[in-house]
Amino acid sequence: MRRPSSIGRKLLLAVAVVALLPLVGSSILGRSALRNAYRMGVNPDIERGLERAVEGYHEYILALRREADVTADGIGRDYAVRQHAVEANREALADDLRAVLSAHENVGAVVVRNAQGEILASAQEPTRMDTTDRRVLSRRRPLDDQGAEVEVILTAPLKPFDEYQRAGEVEEVFSRLVAQTNYVANVYVWTYFAMMLVVVAVAAFLGIALSRRVTRRVAYLAQATRLVGRGDLSVHVPAQEQDEVAELTQAFNDMVRDLRESRERIEYLKRIGAWQEFARRLAHEIKNPLTPIQLAAQEILARYRGDDPAYRRQLEDAVAIVTEEVATLRRLVTEFSSFAKLPEAILESADLQDFVGELSRSIPGILESAGQDASSADVDVRCECEAGPVPVRIDAMMLKRALDNLIRNAVRAVLETHPDGGGKVVVSGRRERAWALLEVSDNGPGIPEDAATQVFDPYYTTKSDGTGLGLAIVKKVVLEHAGEVRCDRGEAGGARFRIRIPLQAADSST
Amino acid sequence: MKRRSLLTLWLALTLGVVTLVSAQELAQREVGVRWQDGVPRVSFSARDLVTPTARHQLESGLRKQFVVTVQAYREHGGSPLATRRFACSVYWDVWEEVYWLRLGNRPEPMQRLEAVLTRCLDVHDIAVGRASDYEGRSGEHVYFAVHAEFNPVSAAQCRALLRPGGGGESLGPVVINIVRRQICQAESAVSFRSASEAVP
């Protein structure tokens with residue numbers, strides 16, 4: 001099992017303290033409360049009451065028994081019964097016994113026998129002889145000295161006997177409870193304590209589980225921070241929850257992304273700087289011999305005095321080629337030189353709407369340079385911008401140069417695919433959250449997805465006569481505006497370049 | 001798997017040790033053992049279970065009970081091979097002035113307490129288990145453990161008398177179950193064992 005982190009231990013400690021404090025407090029209070037409550041319910045006074053109830057039943061049964069003996073004695077001494085028994089007067093005896101039954105409710109039957117054991121008379125009250133709810137007791141009493149006797153069957157209700165036993169059982173268990181007061185109260189306390197411990201254990205488990213969710217994410221953040229510290233800016237920590245840790249994670253991810261973009265920007269600018277230096281030297285080295293080469297070629301042609309028309313034609317072709325290639329080289333040198341001398345952007349407050357308006361005025365010039373008449377061009381170039389101020393800090397000249405490059409590329413691209421008209425280039429400006437967005441899209445052939453990031457590298461070009469510097473200049477200018485430029489496929493199917501530059505903050509207008 | 005085996009072994013050892021210790025703790029007493037048709041028949045007396053207090057209670061008129069349990073164990077421990085248990089319910093009937101003894105299904109009256117005690121606690125020739133319980137154990141040493149209790153409250157009676165209170169209390173049922181064990185146990189008890197006997 002992994003050892004909990006420091007914050008995890010602190011959280012666990014907090015959970016344990018929060019859970020255990022009430023447990024200890026309630027156990028101390030509960031122990032006394034439970035004992036007192038138990039003693040109130042189970043106490044010797046009630047036990048004595050129960051004992052007296054049992055004794056009461058016992059005395060009652062004894063009384064029933066004494067009454068039975070007294071009744072039997074009374075019947076044995078009954079003069080009429082004795083006399084009629086001696087006389088063996090069966091009819092009179094039967095009357096006597098019926099009288100006895102009606103006189104004594106606790107007598108169920110009476111039998112008189114002579115000395116030989118012969119029954120002289122008997123009487124019975126069947127309802128009193130039902131042993132399901134009555135107890136029966138037989139008692140014999142002598143009626144004379146000769147051996148005649150009367151047998152009296154005495155009865156008593158069964159209920160007091162059953163109640164006596166039940167009361168005895170209850171009293172016995174209760175007296176045991178009284179004797180075990182401390183034990184029972186302690187069982188209550190310890191059971192309560194054990195259950196509370198279970199509750200604490202569950203709470204601790206939940207606490208651990210919940211704190212793990214937080215500490216694990218904090219640990220991930222710490223680990224990601226260490227990776228960033230070692231220079232790995234590709235780190236991304238997932239932030240799935242909706243809480244403060246998730247906010248922290250999101251902020252961390254944003255920070256790493258900003259750092260990554262910032263580093264990319266710096267690296268790109270460094271690379272561009274190196275390429276600018278290279279371009280400057282190259283332009284310098286190439287530019288100087290161009291004029292002598294061209295002059296020398298023209299001189300050779302001018303000095304030829306011969307009559308050989310074939311040779312003269314060959315010479316003229318060679319001079320024309322040299323002149324054309326020198327012109328191409330001169331154009332390259334101009335572009336290299338221009339790239340090398342590209343100044344750093346000096347940002348000033350401006351409105352994007354004004355900028356786009358200014359840009360639209362340069363569209364005819366761009367179209368003319370592409371061999372199109374501005375009034376009847378095969379390409380429809382539109383500039384539009386969101387109404388209302390969009391404050392930005394820009395170097396208008398540099399940014400216009402960048403946009404010029406993009407528009408020129410777009411015009412050339414749509415003319416290739418729509419040489420007979422129908423080409424469209426749209427330049428739009430608008431606000432997008434904290435950014436000002438400039439978009440140049442066309443309905444040309446577009447840029448392959450795998451080339452979308454390479455197109456901004458210096459000297460990367462897909463055109464036969466391109467220098468690969470135009471988009472590099474665009475990216476450099478945009479980066480110097482603390483912005484970003486991306487290339488993808490637009491809605492019209494052609495290329496779409498999206499330039500985002502930060503909106504000017506309200507307090508940084510100067 | 002290995003962990004589970006170790007746990008099982010540990011439990012078995014603990015159980016064995018506990019059984020051995022509990023068997024060794026039993027005092028040995030004169031217990032007659034006679035084997036008949038492969039079944040042991042044992043005779044012993046547990047009269048010392050009846051203390052003066054118990055005697056007084058037996059004369060009170062309230063129903064009391066003796067419960068005698070005899071179990072056959074292998075000498076080296078383990079679970080019982082066979083068990084024989086009987087209960088002797090006694091009360092002094094104030095109405096008829098006799099002791100009523102119920103040993104089995106039919107109650108029988110007795111005039112004297114001594115006769116009751118003799119009948120309940122002087123045990124003669126009772127069979128412990130069936131022949132099948134001892135089959136294949138010839139020559140194995142066994143002993144008989146006797147546990148005689150005076151007036152334990154029966155489980156059913158205990159449940160009836162000690163019930164958890166209503167109202168869905170969480171502690172009630174748990175506590176009642178623990179308390180029942182203590183409250184309903186016998187008022188007094190004696191335990192002893194026989195000498196070791198080889199199964200014939």
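Start with A:Glu384. It is partly exposed, at 36% relative accessibility. Partly exposed sits between the other two classes: buried is under 20% relative accessible area, exposed is over 50%, with a 1.4 Å probe and protein chains only. Its partner is A:Arg382, and the two side chains meet in a salt bridge at 3.1 Å, N to O. A:Arg382 is partly exposed too, at 38%. The rule for a salt bridge: a side-chain nitrogen of Lys or Arg within 4 Å of a carboxyl oxygen of Asp or Glu.

A word on the source. This is a predicted model: local features need pLDDT of at least 70, side-chain atom pairs count only at pLDDT 80 or more, and totals for chains, interfaces and linings use all residues. Residues are numbered from 1 along each chain as its sequence is written, chains are lettered from A and ligands numbered from 1 in the order written, and side-chain values use heavy atoms, with hydrogens and water left out.

Next, a pair inside chain B. B:Asp122 forms a salt bridge with B:Arg47, with the closest N and O atoms 3.1 Å apart. These two link distant parts of the chain, 75 residues apart: B:Asp122 is in strand β8 (residues 122-127), and B:Arg47 is in the loop between β3 (39-45) and α2 (52-58) of chain B. Helices (H or I, at least four residues) and strands (E, at least two) are DSSP runs, numbered from the N terminus. B:Arg47 is partly exposed, at 25%.

Some salt bridges share partners. One network joins A:Arg430, A:Glu432, A:Glu439, A:Glu484, A:Arg486, A:Arg498 and A:Arg500. Over all chains, the rule counts 47 salt bridges.

Now across chains. A:Arg65 and B:Glu97 meet through their side chains in a salt bridge, 3.2 Å from N to O. The pair runs from helix α2 (residues 44-76) of chain A to the loop between β5 and β6 (98-102) of chain B. Which end is buried, and which is partly exposed? A:Arg65 is buried, with a relative accessible area of 6%. B:Glu97 is partly exposed, at 40%.

How big is the interface between chain B and chain A? The two bury about 2700 Å² between them, 65% of it on carbon and sulfur atoms. Buried area is the accessible area (1.4 Å probe) that two parts lose on being put together, summed over both. The contact (heavy atoms within 4.5 Å) takes 28 residues from chain B and 31 residues from chain A. The rule finds five salt bridges across this interface. B:Lys64 and A:Glu172 also meet in a salt bridge, at 2.8 Å, N to O.

Which elements of chain B give two or more residues to the side that touches chain A? They are β5 (82-93), α4 (155-161) and α5 (172-183). The largest share, six residues, comes from α5(B).

Last, chain B as a whole. Chain B has five helices and 11 strands. Of its 200 residues, 40% are buried. Among contacts in chain B with a separation of 6 or more, 68% come from residues 24 or more positions apart. Chain B exposes about 11100 Å², with carbon and sulfur atoms supplying 53% of it. Those accessible areas come from the Shrake-Rupley method with a 1.4 Å probe; for residues, only the protein chains shown count as cover.
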